[in-house]
Amino acid sequence: AQSVTQLGSHVSVSEGALVLLRCNYSSSVPPYLFWYVQYPNQGLQLLLKYTSAATLVKGINGFEAEFKKSETSFHLTKPSAHMSDAAEYFCASSSGGSYIPTFGRGTSLIVHP
Amino acid sequence: EAQVTQNPRYLITVTGKKLTVTCSQNMNHEYMSWYRQDPGLGLRQIYYSMNVEVTDKGDVPEGYKVSRKEKRNFPLILESPSPNQTSLYFCASSGGEGRNEQFFGPGTRLTVL
């Protein structure tokens, strides 16, 4: 069975600071990994995904994530936070032919001026 | 435009009054699912469907029903709503392989009094 753990339900950063949101997965087979973002009063939208090509994945709005098999991690980063990055972020995994993704509990990113 | 639509977006009802939340996608996706989102609990899957006439329970199916008579539609039915079903509900669809991301609807905020 797969599981996804997001460390920290809330992360607070200052505008211009590095954003680091942590995600660890457990899977018995090579996973597909996703980061989604949910802006206030909206549905989730895809930020980026890893599907076993390059381990460093670039997404929208300057975000990127690195797949590290040895650490079973897929942390999300952005060099410089903007106020508009304030949102809920979800990490998810699926594998093989499984249609069914497993979501983490989400991390709320708070950006201070 | 590729999208998942949900209706209504907001609904206030009373205990025991049957309701249906509609979900429709225009991407010819095989896989559709329903989630509820509650503070501190992240996304929890209610039901999913891998194709027409094929549905299965997710993590929290009690008190809900679904049907998949057509590929594009996947309504969520609450036959006798209770206050503990007050939540934010999301419909999602996917192309049906593990590598494919989920497309989410805008959400339905349900309040049961």
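Buried means under 20% relative accessible area, exposed means over 50%, and partly exposed lies in between (1.4 Å probe, protein chains only). By that scale Lys49(A) is partly exposed, with a relative accessible area of 29%.

This is a predicted model, in which local features need pLDDT of at least 70, side-chain atom pairs count only at pLDDT 80 or more, and totals for chains, interfaces and linings use all residues. Residues are numbered from 1 along each chain as its sequence is written, chains are lettered from A and ligands numbered from 1 in the order in which they are written, and side-chain values use heavy atoms, with hydrogens and water left out.

**Contact between the chains**

Chain A contributes 21 residues to the contact and chain B contributes 24, where contact means heavy atoms within 4.5 Å. About 1800 Å² is buried between chain A and chain B, and carbon and sulfur atoms give 56% of this area. Buried area is the accessible area (1.4 Å probe) that two parts lose on being put together, summed over both.

One salt bridge is counted between chain A and chain B; the term requires a side-chain nitrogen of Lys or Arg within 4 Å of a carboxyl oxygen of Asp or Glu. The side chains of Lys49(A) and Glu101(B) form a salt bridge at 2.8 Å, N to O. Four residue pairs are in polar contact between chain A and chain B, both at pLDDT 80 or more. On the side of chain A that touches chain B, the elements giving two or more residues are strand S4 (31-38), strand S5 (44-50) and strand S9 (87-95) of chain A. S4(A) gives the largest share of that side, four residues. Strands are DSSP runs of E of at least two residues and helices are runs of H or I of at least four, numbered from the N terminus.

Lys49(A) is in strand S5 of chain A. Beyond its neighbours within four places in sequence, Lys49(A) is in contact with Leu33(A), Phe34(A), Val57(A), Arg99(B) and Glu101(B). Phe34(A) is 15 residues from Lys49(A) in sequence, and the C-alpha to C-alpha distance is 4.3 Å.

**Strands of chain A**

Five strands of chain A form an open sheet in the order S1-S3-S8-S7-S6, with antiparallel pairing. Strand S1 (3-7) and strand S6 (56-58) of chain A are the edge strands, each pairing on one side only. Two strands pair if DSSP finds at least two bridges between them. Within this sheet, S3 (residues 19-26) and S8 (residues 73-78) of chain A are antiparallel and share four bridges; Val19(A) has Lys78(A) as its bridge partner in S8(A).

Strand S2 (residues 10-14) of chain A runs parallel to strand S11 (residues 107-112) of chain A, joined by five bridges. His10(A) has Ser108(A) as its bridge partner in S11(A). In a regular strand the side chains alternate between the two faces of the sheet.

**Strand S9 of chain B**

Strand S9 (residues 87-94) of chain B is largely enclosed by the rest of the structure, because eight of its eight residues are buried. Ser87(B), Tyr89(B), Cys91(B) and Ser93(B) point one way from S9(B), while Leu88(B), Phe90(B), Ala92(B) and Ser94(B) point the other way.

| Partner of S9(B) | Bridges | Residue pair |
|---|---|---|
| S4(B), residues 31-38 | seven | Ala92(B) opposite Ser33(B) |
| S11(B), residues 108-112 | three | Leu88(B) with Arg109(B) |
| S10(B), residues 103-104 | two | Ser93(B) opposite Phe103(B) |

**Two residues of chain B**

Gln25(B) lies in strand S3 (residues 19-25) of chain B and is buried, at 2% relative accessibility. A polar atom of the Gln25(B) side chain lies 3.2 Å from the backbone oxygen of Lys71(B).

Gly16(B) is in the loop between strand S2 (10-13) and S3 of chain B, and is partly exposed at 39% relative accessibility. Not counting residues up to four places away in sequence, Gly16(B) touches Glu79(B), Ser80(B) and Pro81(B). Leu78(B) is 62 residues from Gly16(B) in sequence and 8.8 Å away in space, C-alpha to C-alpha.

A polar contact is a pair of N or O atoms within 3.5 Å; within protein, one must be able to donate a hydrogen and the other to accept it, and residues adjacent in sequence count only if both atoms are side-chain atoms.
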